[in-house]
Structure formats: C-alpha cells, structure tokens
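Here is a short walk through one structure. Start with the rings, then follow the chain to a pocket and a helix.

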Amino acid sequence: MSQNTKSINVRGAVDAEPTAGPANVPIWMMVSLLVLFFAGALYFDSEGGWFSQEVYAPYRSEEQLALFQPASGADRALARGKLVFEQVCALCHGVDGLGKPGQAPPFVGSEWVLSDVPARLIRIPLHGLNGPITVKGEQWALAMPAMGAAMPDEDLAAVLTYMRNSWGNKASEITPEQVAAERAATASHSQPWTSDELLQVK
C-alpha cells in the first residue's frame with residue numbers, strides 16, 4: 001500500500017459521524033431514584049393528608065385536625081368541668097380527687113359524689129357544708145364555704161359531672177337545669193348544710 005492510500009484511510013476514520021449505542025443505566029442512578037421515591041412517599045403520607053379536602057395547612061391529617069376541633073356535648077362539659085375543678089376545687093381536694101388528710105375528703109369512690117340523689121351533692125357547693133360528715137367510712141369535720149354559689153349553673157353542673165365521672169368514678173351527668181332547680185328551691189337557705197340535713201334530701 002502506498003503512502004498516499006494510508007493518508008486517505010486515516011482522514012476518513014477521523015471525519016466519520018459519531019454514533020450512539022445501547023448502554024446500561026448506572027446502578028447509583030437507580031438507587032438514587034428509589035431513595036427519592038421512597039422519601040417522597042413518606043413525605044406525602046405524613047404531610048399530604050391523602051387528598052382529603054378537610055385537611056389544610058398547617059394541619060397534616062384528619063386525625064391531627066380533629067384534635068383541634070372544639071369539643072361538643074358531653075366532652076365539652078367534661079373539659080369545662082375539669083378546668084373549673086382544677087381552678088376551684090383541686091387546691092383542697094387534689095387534682096387526683098384523693099383529698100388531703102385532715103383537710104378535705106376524697107372524691108374518688110365517695111358516696112356523696114356518686115349519690116343517686118344528685119340534689120345532695122349540688123347543695124354542698126351552693127351553700128357550703130359544716131360539721132361532721134362520714135366519707136368512705138372516715139369521719140371528717142368540715143367547714144367548707146359555698147364555693148359554687150357564684151358559679152353559673154353550667155359551670156357548677158360541669159364540675160360536678162366531672163367529679164362523678166373521673167378517677168374511676170361513674171355516675172349520671174348533672175345538668176344545668178338540675179343546678180338551677182336546686183338553686184331556686186334552696187334560695188332561702190342561708191347557712192351551710194350539715195350532713196344530717198343533706199341525708200334528708202330525697
């Protein structure tokens with residue numbers, strides 16, 4: 001082969017058009033895509049609300065949204081009762097309703113709190129209680145002021161209902177109408193009740 005022929009062949013190889021052929025996708029790229037997909041799924045699950053029209057920012061799910069909805073019915077009354085109890089009653093009777101030795105009797109399992117005659121319980125905060133009283137077999141000498149006299153009927157009903165349905169207690173709800181009725185029926189009563197007087201209430 002002559003020197004001229006060799007030059008032509010080398011020039012032709014350099015001037016040829018580039019071509020693309022099949023190639024494998026790099027493993028690192030596949031792993032990265034999978035990681036991104038997994039992270040996106042986790043984010044959607046925790047932040048997306050699963051396309052619910054009820055969920056909006058800053059809330060993330062229907063369950064979280066429900067936590068911030070105002071309570072209604074019995075739940076609202078119990079929540080209000082708990083608040084009133086902790087502000088007014090817990091100082092003497094304890095937030096756990098167990099009372100304080102030598103100072104205030106317990107509400108947990110108390111026959112007075114769980115009485116089938118709610119009027120007895122309603123009258124105690126309306127007018128106070130004075131003298132000896134037996135609670136769960138233990139004698140107490142009380143001089144309790146009328147802590148609920150100035151409360152609205154709704155608040156007094158709520159706190160008494162809370163006491164009757166907390167710490168393992170289970171008794172019927174006390175309604176604002178019951179409180180209003182007892183308030184009206186005892187309007188002329190100006191002294192704290194004694195336990196003997198309350199036991200006569202049927």
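Phe85 is buried, and Tyr162 is buried too. Here buried means under 20% relative accessible area, exposed means over 50%, and partly exposed lies in between, with a 1.4 Å probe and protein chains only. The model is predicted, so local features need pLDDT of at least 70 and side-chain atom pairs count only at pLDDT 80 or more, while totals for chains, interfaces and linings use all residues. Residues are numbered from 1 along each chain as its sequence is written, and side-chain values use heavy atoms, with hydrogens and water left out.

Look at the aromatic rings. Rings of Phe, Tyr and Trp (its six-membered ring) pair if their centres lie within 6.5 Å; planes under 30 degrees apart count as stacked, over 60 as edge-to-face and the rest as tilted. By this rule there are 4 aromatic pairs. In one of them, the ring centres of Phe85 and Tyr162 are 5.7 Å apart and the planes meet at 50 degrees, so the pair is tilted. Phe85 sits in helix H4 and Tyr162 in helix H6, 77 residues apart. Helices (H or I, at least four residues) and strands (E, at least two) are DSSP runs, numbered from the N terminus.

Phe85 also pairs with Trp167. Their ring centres are 5.2 Å apart with planes at 55 degrees, so this pair is tilted. Trp167 lies in the loop between H6 and H7, 82 residues from Phe85. How exposed is Trp167? Its relative accessibility is 24%, so Trp167 counts as partly exposed. Phe85, by contrast, has a relative accessible area of 0%. Ring pairs join Phe85, Phe107, Tyr162 and Trp167 into a cluster.

Phe107 leads on to the largest pocket. Phe107 is among the residues nearest the pocket's centre, with His93, Ile124, Met144 and Met147. In all, 29 residues line this pocket. A pocket is an open set of points on a 1 Å grid over the protein atoms alone, where a 1.4 Å probe fits, with protein on both sides within 12 Å along at least five of seven lines; lining residues have an atom within 4 Å of a point. Elements giving two or more lining residues include H4 (73-93), H5 (118-127) and H6 (153-164).

Now turn to H5. Just after H5, Gly128 takes a positive phi of about 90 degrees.
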